[in-house]
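Dear colleague,

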Amino acid sequence: MPKAVPQTKTDISYSRSTIKECEKYVRSMQKKLDKAVANNDKKKIRRFTYLLLNRSRAVRILAIHRVTIQNEGKHTPGVDGIRIKRGNSAVVKAHNSKVRESLLMEAHITRKPSPIRRSYIRKPDGKLRPLGIITLQDRVIHDMVRMAIEPITEFYANDSSYGFRPKRSCHDAIEHLFNKLSKRTSKRWIIEGDIQGCFD
């Protein structure tokens, strides 16, 4: 564990230096996991995923930082009503600090997930699109799992896949398509597919 990663619940500041140290530690662990996957070393794969999911305080701090500070949905509560409040007053800051402290104490992947709050937003065609809103605690655990399994999924992912991938964007996909389609011998057909109700 890096020196700058706080060890007690009272000294969590989520400062830039703390987050950078956590990111550095997690990246080093992910690189080790990536190497283990490349070597098909199942023992090390199990070991590093276990350490990231169950033992790493840095992973928990990073997940909480992303869910409660970076994420735009931090103000939207799940079924438990817990959310990050807007504003800079002392009362709001105290509330948000208490929420983060609680998330840190309860961030365990063995925790049973809470029910999902159902909400609806209106689409341009007038139909309602259902949304499933999970609790902040479950979002933290999801992000912890993402950090632990991302080196594995990225190793096996197809090079032509760009959706929801780290360090890949729509512009990368457009560049890929341009390179594939700009030659005289290139294919002339593009098929766009959308599975109806895929996320219902």
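Glu-150 and Arg-146 are both located in helix H5, four residues apart, which is about one turn of the helix. The model is a predicted one, in which local features need pLDDT of at least 70, side-chain atom pairs count only at pLDDT 80 or more, and totals for chains, interfaces and linings use all residues. Residues are numbered from 1 along each chain as its sequence is written, and side-chain values use heavy atoms, with hydrogens and water left out. Helices (H or I, at least four residues) and strands (E, at least two) are DSSP runs, numbered from the N terminus.

Glu-150 and Arg-146 form a salt bridge, with 3.2 Å between the closest N and O atoms. The term denotes a side-chain nitrogen of Lys or Arg within 4 Å of a carboxyl oxygen of Asp or Glu. Glu-150 is buried at 18% relative accessibility, while Arg-146 is partly exposed at 29%. Here buried means under 20% relative accessible area, exposed over 50%, and partly exposed in between (1.4 Å probe, protein chains only).

The whole structure contains five salt bridges. One of them joins the side chains of Arg-66 and Asp-143, at 3.5 Å from N to O. This pair links distant parts of the chain, since Arg-66 belongs to helix H3 (residues 57-70) and Asp-143 to helix H5 (residues 136-156), 77 residues apart. Arg-66 is partly exposed, its relative accessible area being 24%; Asp-143 is buried at 13%. Salt bridges link Arg-66, Asp-143, Arg-146 and Glu-150 in a network.

Glu-154 and Arg-165 also meet through their side chains in a salt bridge, at 2.6 Å from N to O. Because Glu-154 lies in helix H5 and Arg-165 in the loop between H5 and helix H6 (170-181), the pair ties together parts that are 11 residues apart in sequence. Glu-154 is partly exposed, with a relative accessible area of 26%, whereas Arg-165 is buried, with 11%.

**The strand pair**

Strand E1 (residues 117-122) pairs with strand E2 (residues 128-133) in the antiparallel sense over six bridges; pairing requires that DSSP find at least two bridges between two strands. Ile-121 has Arg-129 in E2 as its bridge partner. The two strands, E1 and E2, form a hairpin with five residues between them, and Gly-126 in the turn has a positive phi of about 95°.

**Surface patches**

Lys-24, Arg-27, Lys-31 and Lys-167 form a positive surface patch. Patches are made of residues with over 30% relative accessible area and no salt bridge, like charges being joined within 9 Å and nonpolar side chains (Val, Leu, Ile, Met, Phe, Trp, Tyr) within 5 Å. Lys and Arg count as positive and Asp and Glu as negative, while His and the chain ends are not counted. The place of a charge is taken as NZ of Lys, CZ of Arg, CG of Asp or CD of Glu. Accessible areas come from the Shrake-Rupley method with a 1.4 Å probe, and for residues only the protein chains shown count as cover. Within the positive patch, Lys-24 lies in helix H1 (residues 16-38) and is exposed, with a relative accessible area of 54%.

Leu-177, Leu-181 and Ile-190 make a nonpolar surface patch of about 270 Å². Leu-181 is in helix H6 and is partly exposed, with a relative accessible area of 30%.
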